[in-house]
Amino acid sequence: MIKLKSPEDIEKISASGKILSEVLGKLSEKAKIGVSLKSLNDMAYSLAKEFGAQPAFLGYRPEGASRPYLASICASVNNVIVHGFPTDYKLKEGDILKIDFGVKYKNFYSDAAITIGIGEISEISKNLIKAAKEALDQAIKISVSGNTLGDIGYIISKTAKKYGVRAVKGLTGHGIGYTLHEEPIIHNFGEKGKGIKLKPGMVLAIEPMFAVSTDKVVQKTDESWATSDNSLSAHFEHTVAITEDGCRILTN
Ligand code: MF3
Ligand code: CO
């Protein structure tokens, strides 16, 4: 069942999302050559605490995982798409880093992700990142009452095609707010006009995940998800609310 949120609850999710975007902004400034994933994680933890918030992923067990996740951020490098663990790995020139972060604030959840190039990155990486970013922007633009989840999936995969990259299958966006993952599931492919109709009060985490040359994912032993052919991947995510006056981004 999709739990619709009242305007008051959307304000509370927005308060959570504000903290999230502040922290994510600081992390993206810090993500430079030589910086370890773990230090980004530690920074996210302390900043969240300073805001009186909880890192939402810490101790959370995602679907398909055998154990709870014991870090505050997901830090996924290059071929790793999501759920990369923030190890001692130090960022290198040319890496593409995905930082995914979730915040629980006064019991309301928000979730967002960005992809950052480290130092000078390849044209292939730039194209991939641009594609994923544009897909999220386009998806948000059409996330209005009366459109459908199929429309969101359609525009995301259409944007991937436009850039000659692939939207990966098997990883999805989701409803959010009272918990980290709620109904509905949001696929990154779909047919125009198909699927559940968007309605005011829906709060969604929309998250295009693109790869250079495959739409298949594999789960690694650390339970992160990577591209099946080890090609590079990019991921952007925002938590948004469908309102009477259009789509409102809650994580910016
Ligand atoms: N943003 C991620 C998602 O929507 C959440 C990661 S859950 C974790 O799937 F616990 F594994 F970090
Ligand atoms: Co998410």
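The lining of the largest pocket comprises twelve nonpolar, eight polar and seven charged residues (Ala, Val, Leu, Ile, Met, Phe, Trp, Tyr, Cys and Pro count as nonpolar, Asp, Glu, Lys and Arg as charged, and the others, Gly among them, as polar). The model is predicted, with local features needing pLDDT of at least 70 and side-chain atom pairs pLDDT 80 or more, while totals for chains, interfaces and linings use all residues. Residues are numbered from 1 along each chain as its sequence is written, ligands are numbered from 1 in the order in which they are written, and side-chain values use heavy atoms, without hydrogens and water.

The volume of the largest pocket is about 660 Å³. Among the 27 lining residues, Pro62, Glu63, His83, Thr172 and His181 are the closest to the centre of this pocket. Two elements, strand E7 (173-175) and strand E8 (182-186), each give two or more residues to the lining; E8 provides the largest share, four residues.

Ligand 1 sits in the largest pocket (more than half of its atoms lie within 2 Å of the pocket's grid points). The residues around ligand 1, each with a heavy atom within 4 Å of it, include Phe57, Tyr60, Tyr69, Asp100 and Glu237. By class, this shell has five nonpolar, three polar and four charged residues.

Oxygen atoms of ligand 1 lie 2.9 Å from an N or O atom in the side chain of His174, 2.9 Å from a polar side-chain atom of His181 and 3.1 Å from an N or O atom in the side chain of Glu207. Taken alone, ligand 1 exposes 340 Å², of which the protein buries 95% (Shrake-Rupley method, 1.4 Å probe).

Key. On a 1 Å grid over the protein atoms alone, a cavity is a set of points where a 1.4 Å probe fits but cannot get out, and a pocket is an open set with protein on both sides within 12 Å along at least five of seven lines; lining residues have an atom within 4 Å of a point. Grid points are joined across faces, edges and corners, and a volume is the space filled by probe spheres set on the points. A polar contact is a pair of N or O atoms within 3.5 Å; within protein, one must be able to donate a hydrogen and the other to accept it, and residues adjacent in sequence count only if both atoms are side-chain atoms.
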